[in-house]
Amino acid sequence: MILRVLIACAVMLVTVSVTPVRAESVTPVPKEPLRIVIDEGVIEPLPFATPDFVPENAGSAKMGADLARVVAADLQGSGLFREIPNSAVISQVSDFGAPVQYADWKAINAEALVVGAVNVSGGNLTVKFRLYDVFSGAELGSGLQFQSTTDGWRRLAHKVADAVYSRITGESGYFDSRVVYVSQSGPKDKRKKRLAIMDYDGANVKYLTDSRAIVLAPRFSPNGDRVLYTSYETGFPRIYVLEVGSVQRRVLESAEGVMSFAPRFSPNGQTVVYSQASGSNTDLFTMDISSGRTQRLTSAPSIETAPSYSPDGTQIVFESDRSGAPQLYVMPANGGEARRISFGEGRYGTPVWSPRGDLVAFTKQSKGRFHIGVMRLDGKEERLLTASFLDEAPTWSPNGRVIMFHRETQGASGSSTLYSVDITGRNLRSVRTPEGGSEPSWSPLQK
Amino acid sequence: MTFNLKMILVVGALALSACTNPNGLGTGGDGPAVGKGTGTGILPGSVNDPTSVAYFQQVVGDRVLFTVDQSSLSPQGRVVLDGQATWLLTNTDFTAVIEGHADEQGTTAYNLALGARRADAARSYLVSKGVASNRLKVVSYGKERPIEVCSDEACYSKNRRAVTVLAGGLTG
């Protein structure tokens with residue numbers, strides 16, 4: 001099977017192809033395959049080794065080392081794996097096809113071994129890898145080969161890491177994905193904001209707008225080709241849709257004298273649900289993107305905002321202060337009776353339906369602190385994952401295991417940084433960006 | 001055109017340009033005070049000129065403040081808006097954009113909606129006092145443009161505001 005998809009982005013065009021690597025020899029099926037069950041309460045990270053990928057021609061050695069570092073960073077960063085440093089390694093891998101010396105890897109307690117090979121030729125890059133279950137003495141899954149242009153090398157490393165993650169956890173990965181966010185600089189009262197896009201790990205940052213107008217809350221389309229966001233370009237908040245490949249943008253139609261914000265795509269990418277403020281009242285609307293036809297979903301005098309579709313597109317979770325303070329509600333996607341789902345102490349906002357459909361992530365404000373949390377759609381099993389002066393704006397990883405959000409620090413010199421945390425509440429990590437970052441939106445896994 | 005009117009138009013244009021400058025939104029209080037009058041004369045455009053933007057900002061008062069999460073007008077707020085209404089009914093060449101703002105407690109989207117409520121509360125009051133509704137626009141900045149940057153109530157109370165920003169040289 002050959003998978004070939006064009007991935008267009010602001011400046012780079014990377015084609016990635018995936019092919020199986022022919023088995024060199026028949027390997028026995030392991031009796032107890034290497035497995036991490038993510039739902040278990042406490043996880044001891046699985047020790048693994050990723051020696052530098054074997055260069056298959058002169059001039060590929062540095063690339064081989066770089067690829068191995070990115071694969072290792074992805075796996076280690078998930079919190080589910082622990083890298084055994086190269087300094088501990090006994091057995092050098094200098095031939096991709098040679099039999100694995102399992103005893104040498106067992107001796108340093110590496111349970112998983114990722115062996116790769118790389119060939120850089122002209123502007124083209126070929127990467128092969130195999131995953132070994134050291135204690136079973138067998139290959140886990142079969143080898144894969146990826147090809148792209150050399151500027152797509154990080155994507156190939158992420159694809160290798162996704163394959164390893166997927167084979168060991170039984171769930172899809174999230175490393176070959178991107179994040180669009182608001183990049184921000186300057187003091188609080190003169191803050192400059194512009195849209196930026198990056199790999200999930202903070203690499204390859206590109207700016208999509210300039211900072212002349214305030215921009216807010218970018219949201220990826222379901223296949224990652226477009227971004228919805230709010231901009232003050234006209235002096236008033238309006239919703240724009242931007243093509244990621246061409247960086248062309250256009251304003252979505254909106255009546256004079258109203259303000260539109262908090263947009264989000266429907267799962268089929270054809271409809272936008274958003275908030276519109278007219279007079280003192282803010283309500284939810286949808287717009288069909290191609291025809292511009294709008295539909296009002298709510299008409300209460302209260303504030304209705306921050307809508308997010310269920311993955312099947314039939315329902316919307318949103319925030320409303322109809323009870324007096326902001327709480328979370330679920331209603332049919334075409335409007336109608338809403339059911340309140342949040343009942344805890346405090347104020348709830350920015351609900352986001354998980355890609356698996358089972359949870360909603362939210363921002364909670366309680367006793368002067370902010371939290372990122374998750375709850376079931378019936379409001380039960382609320383779990384607060386973080387706490388700080390100001391945590392806000394959760395977005396789900398493509399596999400629904402990790403949440404990215406922003407954290408703003410207190411006071412006159414306060415600044416905003418992107419963070420990620422597992423839905424278990426473990427593995428809180430900052431995501432490094434060149435400037436401050438806020439309001440991330442995670443893309444689906446790239447093809 | 002009299003010299004006086006020219007000055008008003010210039011000042012109006014300055015206010016309008018401040019309106020499109022993302023760094024200068026609603027900072028108020030530092031309007032185009034061209035200088036104090038010398039002797040007994042009133043320098044047009046100065047804070048002593050009752051038809052000036054500076055006068056509107058500093059003497060009439062260009063803003064009203066709100067309590068946490070609220071958009072209802074306080075008695076002091078009504079007094080300020082009474083003054084704004086009187087001024088706008090006298091100086092009919094001006095239009096205004098009323099900016100609604102929130103403090104940093106609360107999420108971006110909710111604060112945008114809250115800022116819209118506050119701006120509309122001020123606008124509705126001015127309209128009830130006879131200011132033509134087509135002279136008044138509203139915009140919410142949510143928590144995007146605080147004027148005070150500390151993270152406690154001393155700053156928050158000043159950031160929860162609706163600011164009437166004048167734009168000059170109306171349809172004439």
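How are H3(B) and H4(B) oriented to each other, and why?

Mentor: This is a predicted model, in which local features need pLDDT of at least 70 and side-chain atom pairs count only at pLDDT 80 or more, while totals for chains, interfaces and linings use all residues. Residues are numbered from 1 along each chain as its sequence is written, chains are lettered from A and ligands numbered from 1 in the order in which they are written, and side-chain values use heavy atoms, with hydrogens and water left out.

Helix H3 (residues 75–90) and helix H4 (residues 108–128), both of chain B, have axes that come within 9 Å and cross at roughly 55°. Helices are DSSP runs of H or I with at least four residues, and strands are E runs of at least two, numbered from the N terminus. Axes are lines fitted to C-alpha atoms, for helices over the stretch in contact, and angles run from 0 to 180 degrees between N-to-C directions. H3(B) and H4(B) are therefore oblique to each other; angles under 35 degrees count as roughly parallel, over 145 as roughly antiparallel, 65 to 115 as roughly perpendicular and the rest as oblique. The crossing of H3(B) and H4(B) is right-handed, the near helix being turned clockwise from the far one by less than a right angle.

Where the two helices meet, H3(B) contributes B:Arg78, B:Leu81, B:Asp82, B:Gln84, B:Ala85 and B:Leu88, and H4(B) contributes B:Ala122, B:Tyr125 and B:Leu126; contact means heavy atoms within 4.5 Å. By class, this contact has six nonpolar, one polar and two charged residues (Ala, Val, Leu, Ile, Met, Phe, Trp, Tyr, Cys and Pro count as nonpolar, Asp, Glu, Lys and Arg as charged, the others, Gly among them, as polar).
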